[in-house]
Amino acid sequence: MWDCVIVGAGHNGLTTAAYLAKAGKSVLVLEAHSAIGGAAATETFLPGFRNSVASYTVSLLNPKVIADLELARHGLNIVERPMGNFLPLPNGDYLSTGATLAQTQRAFARHSQHDADRLPDYYAWLESVADVLRQQLLRTPPKPGRRLRDWWASGVLLNDLRRLPDPTKQAVFDVFTRSAADILDGWFENPHIKALFGFDAIVGNYASPDEDGSGYVLLHHVFGEVNGTSGAWGHAVGGMGAISDAIAASAREHGAEIRCGQRVAQIVTQNGRAYGVRTADGEQLSARCVACNATPKHLLLDLVDAQDIEPATRDRVTQTRYGSGTFRMNVALNRLPEFTALPGAGDHLSSGIIIAPTLDYMANAYFDARRHGWSQSPVVEMLIPSTLDDSLAPPGKHVASLFCQHVSPDTPAEQRDTIAALMINTVDKYAPGFADSVLGYTAMTPRDLEQRFGLTNGDIFHGALSLNQLFSARPLLGYGDYRMPVDRLYLCGSGAHPGGGVSGIPGHNAAREILRDL
């Protein structure tokens, strides 16, 4: 009998395995696909061209996880982008964020001196809220009024909030309740500067930046750091699969076993308690507990027998909100793009290249997708990781990651190539010749993301990051401590606190609670 069987070898499942194995527990990880990593994987998508399959950039990977699991020793190397984001504009100009505050202020001053002057205060405001929430990332959310430790955790949280200065308290409430557009309108006057920051509010979020609560999604993307630089973004050499490979190496070093091609069909229970799993091949594996890296909806509606969960709880699971307007592409290029706004090579080609000139443009993209299935003027973020990592493409050639919004989760697969052509042509408007440089591509609709990675409705966060699905209410109120309605069944994926992104934090926190119970 294993101490723990873990369903899914995504990066969070592997993180849970590594921590449990490091603590001396016997651990088995079962992965349905032929390779580990889930959405954090690297594949060859065209002969000679490799790239991250779904997740595509690094910032949220928690430094404690990196240190505890010795990921650098296991081969992980993260390089920082030389600049932040690059926003080409329809009028032929551009906007960018630099590696330093002073660089960004100079870039902003060309468009608005007012906004350049406001920038230090905005960064300080954003960081004050991020600091408050960072304190909660590695904590287990308390269950309302259940156990002594929950009362204690609630008291610690309330005390932390009580001691905050009043402006910070107001900032926290604003982030959770207001829209990103409303927040940015209060800080800046230039529409393109608002767009440069507002893009973070719709990444993987099937919503308009005008939607209440989108301010938190904006904040969710600034928690991270790269090599000690707060708020920075970077690239894992070898693609995002290098992260999963390093975590798996750490887990195996401590004795964890990882089996691929083993799809779990059912959580085995008896008297309301998990005792193992049954695979699609009919093999039953016994364990003292089970942890699952799938979405909460897949776990609780598909893998657990209906009689093991109260009908009211199943209804709540059914009503949780999932959805992504994400259309993901990998593109092989025979040359680097030439942007009209900034021709030639430069650091901007190693940045996050964002095609979404205003918040209104982003809102229209969302409503267009709701009406017609996909936006006719889509939001596109393009990264060219081969400018930082020459192992991904042949000499002189490049790979580009396109992360595009918005495409309805209901869009049929037959429209995949039509939408892909639209995304390529959208980039071509700002970088003429880009379409001609494309040697080949792969593309995934939200439905493809669900079928390939089990992401319900293509939701990269395993559930919307709305106020009613955060902290103690993630995935459901009463089950925010990683323990599911079935005893000794745990959720260790992004559907648990603190949510999506390649952070490793849900896996870290779930392992701590499993060890507490074991």
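What you are looking at is a predicted model, where local features need pLDDT of at least 70, side-chain atom pairs count only at pLDDT 80 or more, and totals for chains, interfaces and linings use all residues. Residues are numbered from 1 along each chain as its sequence is written, and side-chain values use heavy atoms, with hydrogens and water left out.

Let's start with the charges. Side chains of opposite charge can pair when their charged atoms come close. The term used here is salt bridge, meaning a side-chain nitrogen of Lys or Arg within 4 Å of a carboxyl oxygen of Asp or Glu. The structure has 19 of these salt bridges.

One of them joins Lys64 to Asp68, with the closest N and O atoms 2.6 Å apart. Both sit in helix α2 (residues 63-68), and because they are four residues apart there, about one helical turn separates them. (Helices are DSSP runs of H or I with at least four residues, strands are runs of E with at least two, and both are numbered from the N terminus.) Lys64 is partly exposed at 34% relative accessible area, and Asp68 is partly exposed too, at 22%. For these labels, buried means under 20% relative accessible area, exposed means over 50%, and partly exposed is in between, using a 1.4 Å probe and protein chains only.

Next, look at Lys143 and Asp481, whose closest N and O atoms are 4.0 Å apart in their salt bridge. Lys143 lies in the loop between α4 (113-137) and α5 (148-162), and Asp481 in the loop between α15 (446-453) and β20 (489-491), so this pair ties together parts that are 338 residues apart in sequence. Lys143 counts as buried at 12%, and Asp481 is buried at 0%.

Asp185 and Lys194 form another salt bridge, at 2.8 Å between the closest N and O atoms. Here Asp185 is partly exposed, at 43%, while Lys194 counts as buried, at 14%. Back with Lys143 and Asp481, shared partners link them with Arg483, Arg512, Glu513, Arg516 and Asp517 into one network of salt bridges.

Now for helix α13 (residues 359-372). After α13 comes Gly373, with a positive phi near 105 degrees.
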